[in-house]
Protein chains: 2
Amino acid sequence: MRALLTSIPLTVLLASPSFADPLPSWTDTATKAGIIAFVERVTDPGSPDYVTPAARIAVFDNDGTLWAEQPVYFQLLFAIDRLKEMAAADPAVLSSDVLRAAAKGDMETVAASGTEGLLQIVSATHSGLTVDEFQAAVRNWLDTARHSSTGMAYDEMIYQPMLELLSYLRDEGFHTYIASGGGLHFIRVFSENAYNIPPEQVIGSIGNGSYSAQDGPPRVMKDPGIFFIDDKAGKPVAIEARIGRRPVIAVGNSDGDFQMLEWTTAGEDARLGILLHHTDGEREYAYGRDSHIGQLARGLDEAASRGWLVIDMAGDWERVWPGGE
Amino acid sequence: MRALLTSIPLTVLLASPSFADPLPSWTDTATKAGIIAFVERVTDPGSPDYVTPAARIAVFDNDGTLWAEQPVYFQLLFAIDRLKEMAAADPAVLSSDVLRAAAKGDMETVAASGTEGLLQIVSATHSGLTVDEFQAAVRNWLDTARHSSTGMAYDEMIYQPMLELLSYLRDEGFHTYIASGGGLHFIRVFSENAYNIPPEQVIGSIGNGSYSAQDGPPRVMKDPGIFFIDDKAGKPVAIEARIGRRPVIAVGNSDGDFQMLEWTTAGEDARLGILLHHTDGEREYAYGRDSHIGQLARGLDEAASRGWLVIDMAGDWERVWPGGE
């Protein structure tokens, strides 16, 4: 047996899975090395920073972290497409200026209406139906709608290096969660296929809901109005309520993720905060400090002093999309 | 090898884990047989009712289902003990008639104040501190307080047959969740030790929360006011929001669990609803149809027509408590 083993060339041993690069789409930079060093530090039973598998929680923002968010949040594009469909069937749906503007595709007016207008569009298009009906509508939209610049399906505009990071963390015993400002029911439609994240590990914003067993089978309804917005200071609150543990790793891309990273990395023992900086106008988009969507200013200012890693998309990623460059 | 195997007595093979009774504290009645038959039906890959492991979700109510709830919800006893402590330090805490009555142990006035009064007591004693501080207070109370009739610690007043059911279901690939009208942060303090249910699988009522990074380390606070009550029609809504799947098995004991069982068993494919009827005044308590706590009337009326199993505690359970009879 020993003779047999020593006759195997070293190159074969190095090519075996345990020696394989867990992050092949990441350039060999300090960012990649920092991530791997941290994961090894918390998963090595001999390490003083060892974390038990049950406590290995990693939370990921979705828009701009796991999938793209330009030129505008994809969920808003779904809402506007749905609003147009609803208005074609019943024009009375367009009961306000911002709804009329949205249905005409007048994105300037929509943008000027701010969060208030955005929530109005979301509420109008995400309520008055069951969760199952809503998710069927999202599924149908994802299957047919295409991104204006790339021509890709929206749920293909996910980042290959992040898929590798998710997979690497799960291989190392981490439980990977989404903690998104986007809608819980919206994200669940594609999170399992796209990211291998099951519905119970999706945390997101959610509208009012109710249960009904009248005039039909027992069902959970989506009602008008916002119940909880999982953004900024809402993220730590929702993560605590949902998981009951402080994460070990938090990954985001905008100042909406600041408090999630701040809370995570303020925990005792080893913690890691990671920010994705969109620096790649060639393969994706270049934005951050002054962006209306996914603004990243405070995060960039404080990352170094807080020990957070900042991914430079252009320099740290060999490849952006699963299918292409 | 074959000779060796055939020399092992049959009794040894029968005593091996796969042949062991998964519910040893359950009397051999139709209830026990019904539970086991259902679990086999949904876990046998050859069965037309086979359910994949990812979809094997079982939800359990807590008060009166996993632990006792008489003479009054244990969390209310914690709240009153805590209110007394708070009032000793600062009498101004007792700012209403119901709070003053509660601090004096005047349970009649507390009971007469209804849900409104109860929520006032909970809000006053479950807010103004961090989640960590609150849970330390609960831990300390569980370690010191004792039940007035049994003299047992409250987190020992858990039902041995239910522990076996939880364990059996997990062995069969089920994910076991608590869905309780009781407090999320309260239950998490003992759910892992008592039931082997981790914090991320506890669903419960929750007060308002907020995040703060001012004047101290980043932390999640418990604030005054109720955010969500996970009872009655709230249970299906919360379970859907938290898990994103309709459970396969739902277990409760009161009409507060009716909608959870109704929604669960209205799902396509095989589903099971189970109600625990407290019929055992000798070993525990006998109550149900006319009880102020844990009332079970509609559930008893409709169980048979809906195909739900009703556990008769006196007849179906050989043993009630882990340590005793």
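**Questions on a predicted two-chain model**

Tutor: The place of Gly234(A) is in helix H11 of chain A. The model under discussion is predicted.

Student: Is Gly234(A) buried or exposed?

Tutor: The helix that holds Gly234(A) is H11 of chain A. A residue counts as buried if 20 or more other C-beta atoms lie within 10 Å of its own. Gly234(A) has 21 other C-beta atoms within 10 Å, so the class of Gly234(A) is buried.

Student: With which residues is Gly234(A) in contact, leaving aside its neighbours within four places in sequence?

Tutor: Met260(A) is 26 residues away along the chain, and its C-alpha atom is separated from that of Gly234(A) by 8.5 Å. Contact, however, is judged between C-beta atoms, which must lie within 7 Å. Once the neighbours within four places in sequence are set aside, the contacts of Gly234(A) are Phe228(A) and Ile229(A).

Student: How are H11(A) and H12(A) oriented to each other?

Tutor: Helix H11 (residues 234-243) and helix H12 (residues 258-265) of chain A pack with their axes 7 Å apart, at an angle of about 55°. Angles under 35 degrees count as roughly parallel and those of 65 to 115 as roughly perpendicular. The orientation of H11(A) and H12(A) is therefore oblique.

Student: Where does Lys232(A) lie, and is it buried, partly exposed or exposed?

Tutor: Lys232(A) lies in the loop between strand E5 (219-228) and H11 of chain A. Its phi is near 50°, a positive value in a residue other than glycine. Because Lys232(A) has 17 C-beta neighbours inside 10 Å, its class is partly exposed.

Student: Is Asp269(A) buried or exposed?

Tutor: Asp269(A) is found in the loop between H12 and strand E7 (272-277) of chain A. It is not a glycine, yet its phi is positive, at about 65°. Since 12 C-beta neighbours lie inside 10 Å of Asp269(A), the residue counts as exposed.

Student: Which residues does a cis peptide bond join in chain A, and which in chain B?

Tutor: In chain A, Pro71(A) lies in the loop between strand E1 (57-60) and helix H4 (74-89), and omega of the cis bond is about 5°. In chain B, Pro71(B) is found in the loop between strand E1 (57-60) and helix H4 (74-89), with omega again about 5°. The pairs joined are Gln70(A) with Pro71(A), and Gln70(B) with Pro71(B).

Student: How compact is chain A?

Tutor: Chain A contains 14 helices and eight strands. Its radius of gyration is 22 Å, close to the 20 Å that the globule rule gives for 325 residues, so chain A is as compact as a globular protein of that length.

Student: What share of the residues in chain A is buried?

Tutor: Along its principal axes, the C-alpha trace of chain A spans about 80 × 45 × 40 Å. A residue is counted as buried if 20 or more other C-beta atoms lie within 10 Å of its own. Of the 325 residues in chain A, the buried share is 43%.

Student: Which element gives the largest share of the side of chain B that touches chain A?

Tutor: In this interface, 29 residues of chain B are in contact with 29 residues of chain A. The elements of chain B that give two or more residues are helix H10 (184-195), strand E4 (202-212), helix H11 (234-243) and helix H12 (258-265). By class, this side of chain B has 19 nonpolar, four polar and six charged residues. The largest share, six residues, comes from H11(B).

Student: What symmetry relates the two copies, and which residue of chain B comes closest to the rotation axis?

Tutor: Chain B is superposed on chain A by a rotation of 180° with 0.0 Å of shift along its axis (RMSD 0.0 Å). The two copies are thus related as by a two-fold rotation axis. They meet through the same surface, because 100% of the interface residues of chain B are also interface residues in chain A. At 3.7 Å (C-alpha), the residue of chain B closest to the axis is Arg242(B).

Technical notes: Residues numbered from 1 in each chain as written. Chains lettered and ligands numbered in written order. Predicted model: local features only at pLDDT ≥ 70, side-chain atom pairs only at ≥ 80, totals over all residues. Contact = placed C-beta atoms within 7 Å. Helix = DSSP H or I, 4+ residues; strand = E, 2+ residues; numbered from the N terminus. Nonpolar A, V, L, I, M, F, W, Y, C, P; charged D, E, K, R; others polar. Axes fitted to C-alpha atoms, helices over the stretch in contact; angles between N-to-C directions. Parallel < 35°, antiparallel > 145°, perpendicular 65-115°, else oblique. Rg over C-alpha atoms; globule rule 2.2 N^0.38 Å. Least-squares fit on C-alpha atoms with pLDDT ≥ 70 in both.
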